[in-house]
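Reader: I've got a model open and I'd like to learn how to read it feature by feature. Can you walk me through it?

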Amino acid sequence: MKRTLFFLAVFSLCFTVDATAATKGAAKPKSPPARTATDLAASIRPSLVKITQLGREGTDGIGSGFIISEDGLIATNLHVIGEARRLQVEMHDGKTHDVTVVQASDSHHDLALIKIDAKGLKPLPLGDSSKARQGDPIVAMGAPEGLGFSIVQGVLSATRDIDGLEMLQVAVPIEKGNSGGPLLDMQGNVLGLLTLKSLKTENLGFAMPVNDLKTLIEKPNPVPMSRWLTIGALNPKQWQTFLGAQWTQHAGVIRSEFPGAGFGGRALCLSTQKVPEGTFETSVTVRLDDESGAAGLTFCSDGAEKHYGFYASGGKLRLTRFNGPDVYSWTILADVPSDAYKAGEWNTLRVRVEPERLVCFVNGKQVIESDDTGLRSGSAGLCKFRTTVADFRNFRVGTDLAEKPLQPEVASQLRSKVEEYIAAAATADKTLEGLLENPAAARRVLVEQRRRLEEEAAKLRELEHELHRRAMTKEILAELAKPEPEINLLRCALLLARHDNPEIDISTYLNSFKAMVLDLKDDPEITKGTIPAVKRLSRYLFEENGFHGSRGDYGSRSNSYLNEVLDDREGLPITLSVLYVELASALGVQGVFGVPLPGKFMVGYRDGPEGELQLVDVFEHGKLITVEQAAMDLTEDGHFPEGALSPTTKQAILLRMLRNLMSSVFDDSRSLRESLPYLNLLLAIDPQSAAERLTRAQMRQRLGEKAGAREDVTWLIDNFPNDGPPELMQQLDRWLQSLRE
């Protein structure tokens with residue numbers, strides 16, 4: 001590291017001397033003169049493009065972009081290109097090109113680079129957004145409402161923090177289709193990319209600073225369009241869509257956006273799962289972004305216009321038989337309100353289809369019963385209407401999907417425990433007697449009762465969360481208890497993510513990983529030996545699928561959640577290494593393992609038991625480096641400490657991931673109580689960790705949990721080393737005594 005810094009310092013000094021000598025006596029260069037908006041429009045027009053998302057039914061979206069290299073590199077917003085959609089670029093002269101590669105993408109900053117096969121294009125010069133000043137004149141260019149190559153002039157209003165991102169506020173209108181267009185100074189340099197329209201006024205918008213785009217240019221994560229079309233796409237072996245709309249899938253959640261091609265914006269997504277003959281049930285959990293729309297279940301579908309629908313609509317529950325393409329062939333069988341339905345939240349819809357009747361439930365409560373027998377047999381799946389954005393999860397088909405009641409004895413025992421928990425936090429309320437005798441006093445009592453119930457609900461939520469966390473801890477410990485070769489590290493990492501987020505469907509991600517294994521299973525390079533296999537794995541992950549090291553918020557917990565790494569293809573060295581090593585293991589590639597280097601986790605490999613250790617820097621696009629190169633970069637003396645180059649255990653990898661999560665919480669200045677579950681999990685995995693035991697004792701004491709703090713301090717005393725400092729032992733004794741007072 002010192003050697004690297006020395007060379008950088010020498011280079012900097014030489015550059016300074018050369019620059020001084022070269023400019024000695026020369027006049028200071030002047031900034032290019034400002035130009036008029038008319039001049040800019042004429043000169044910049046050839047560098048602007050219109051970007052169209054092409055879906056199954058035609059155009060799914062339109063946005064703007066601009067050329068940044070003569071060989072076809074184009075900058076735009078990530079939301080302009082979407083996911084799993086073919087992209088077409090229209091030039092200023094009307095010529096069109098298909099996008100061949102998504103060169104880079106950044107969901108954090110909503111930026112993207114796309115590539116077309118073209119030469120001799122006119123790129124726009126990139127300015128320095130850090131030098132932009134309030135009041136500077138600017139022009140913005142784009143394709144508002146699909147009308148290509150428009151220009152508007154204004155001023156830079158300010159720089160604003162929007163959801164943790166610094167953005168340029170501009171006094172120009174930003175309309176649909178303008179997103180991705182350039183924001184320029186009056187010399188024609190790009191200062192930013194138009195991104196957001198203000199909700200407060202039409203003549204106000206925001207742009208992402210161009211300096212954030214430069215990071216993508218320097219560190220791309222290219223994905224060929226053949227691969228891009230699979231990101232977020234539904235598995236065609238499991239789902240078939242009809243009547244348009246846009247259906248995508250992430251984290252086990254299917255999302256439907258945009259109106260369908262059917263009357264009323266109707267669109268269907270049918271499961272290929274076989275429906276049982278005779279009586280059957282189907283269910284799904286659904287959430288609508290707008291209750292004026294409609295979304296839910298479809299069943300007994302012929303794959304076209306005929307089917308039933310049971311769905312939420314306008315805050316009510318509706319059962320409809322669809323016999324054709326328009327409203328004149330539809331029959332609304334029931335349209336009812338229900339207290340069981342929670343608007344704006346996740347709601348579980350279930351339908352029981354019997355030969356002579358249909359029974360519909362929401363969140364376990366029956367809301368509709370119909371004797372309609374107009375349709376039977378056919379497929380089941382999802383439906384949505386109008387412009388609603390709807391999310392679906394846990395779709396199922398079976399003979400009986402009703403939640404089974406607990407055995408009375410078990411239910412009684414559990415209720416008793418919960419009631420004891422609540423009673424311990426609040427005294428019994430005896431003030432309800434006689435409320436009607438004094439209405440004024442009754443209102444005060446009701447307010448007090450409501451507040452008490454809210455406190456109880458908060459405690460029950462925390463109890464629910466802790467139950468989930470302990471269940472995840474139990475599953476992780478069970479996995480780690482297996483012999484080292486049998487431990488599924490990928491599953492452990494997903495369980496670690498689910499420890500924080502109960503909604504994560506682990507099976508969905510395990511299936512995604514299996515699909516990656518199948519992609520490479522029959523690849524000839526994988527079977528040629530360790531070195532060819534390592535090179536093939538690096539190309540597959542970093543060149544063909546766009547996995548890359550985090551460019552922006554390195555400390556974000558998302559980088560430590562393997563499900564989000566798989567979704568966004570962005571992560572930390574250790575999470576990317578877990579994916580790399582587990583993929584190599586699943587493919588039978590020998591000699592590939594995790595290497596816990598200080599400051600940066602890497603993948604190591606040897607070509608045979610006696611082969612020389614080589615490293616893969618997964619954070620730098622799978623760069624292959626030597627141990628000596630890594631030591632120069634990561635240590636001050638160019639040497640790694642003893643044991644740093646040895647293969648690490650799967651438990652040690654999980655503990656390092658867990659410590660990263662703890663650091664992200666501390667760095668984010670979150671509450672002590674939010675970081676305590678990580679300490680609990682870490683000590684469950686590694687009970688002998690004295691440092692974390694000490695930290696937890698201090699944390700528990702600050703949170704007022706004296707019993708827990710005593711437990712940890714007692715452990716520290718019982719496990720104090722024989723040769724430890726006597727004064728430290730005395731401090732622990734005094735600490736324990738204070739906790740007993």
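Predicted model: local features only at pLDDT ≥ 70, side-chain atom pairs only at ≥ 80, totals over all residues.

Reader: Which other strand is joined to β9, and by how many bridges?

Author: Three bridges join β9 to β12 (residues 205-209), again running antiparallel. V170 turns up here too: its bridge partner in β12 is G205.

Reader: Now the sheets. In what order do the strands of the open sheet with β14 in it run?

Author: The general idea is that strands of a sheet pair through backbone hydrogen bonds, either parallel or antiparallel. In this case there are seven strands, in the order β14-β17-β26-β19-β20-β21-β22, and the pairing is antiparallel. β14 (239-242) and β22 (330-336) stand at the edges with a single partner strand each, so one side of each has no neighbour in the sheet. From one strand to the next, the twist averages 20°.

Reader: How many bridges join β14 to β17?

Author: Four, and β14 and β17 (residues 267-271) run antiparallel. For a pair to click on, take T241, whose bridge partner in β17 is C269.

Reader: What about the open sheet that has β15 in it: which strands stand at its edges?

Author: That sheet has seven strands as well, in the order β15-β16-β27-β18-β23-β24-β25, with antiparallel pairing. β15 and β25 (365-370) are at the edges; each has a single partner strand, so one side of each is left without a neighbour in the sheet. Here the twist averages 25° from one strand to the next. β24 (residues 358-362) is joined to β25 by five bridges, antiparallel, and F361 stands opposite Q366 in β25.

Reader: Where do the buried residues of α13 fall, seen down its axis?

Author: In α13 (residues 627-634), V627, A630 and A631 are buried. Down the axis of α13, its buried residues fall within an arc of 100°, so they line one face of the helix. Their cover includes β31 (602-605), β32 (614-617) and β33 (623-626).

Reader: Let's get to side chains. Is R469 buried or exposed?

Author: R469 sits in helix α7 (residues 439-480). Buried means under 20% relative accessible area, and R469 has 14%, so R469 counts as buried.

Reader: Which side chains make polar contacts with R469?

Author: The side chain of E462 does, at 2.7 Å, and so does that of E466, at 3.1 Å. Setting aside neighbours within four places in sequence, R469 is in contact with E462, H499 and P677.

Reader: What does the side chain of N545 reach?

Author: The backbone oxygen of Y540, at 2.8 Å. N545 lies in the loop between α10 and β28 (548-549) and is buried, at 5% relative accessibility. Beyond four places in sequence, its contacts are P222, V223, R227, Y540 and R569. N545 and P224 are 321 residues apart in sequence, yet 7.6 Å apart in space, C-alpha to C-alpha.

Reader: Zooming out, how many helices and strands are there?

Author: The protein has 18 helices and 33 strands. Of its 741 residues, 47% are buried. Among contacts between residues at least 6 apart in sequence, 61% join residues at least 24 apart.

Conventions. Residues numbered from 1 in each chain as written. Heavy atoms only, no water. Buried < 20%, exposed > 50% of the residue type's maximum accessible area, 1.4 Å probe, protein only. Helix = DSSP H or I, 4+ residues; strand = E, 2+ residues; numbered from the N terminus. Arc of directions from axis to C-beta. Contact = heavy atoms within 4.5 Å. Pairing = 2+ DSSP bridges. Axes fitted to C-alpha atoms, helices over the stretch in contact; angles between N-to-C directions. Polar contact = N/O pair within 3.5 Å; in protein donor to acceptor, adjacent residues only side chain to side chain.
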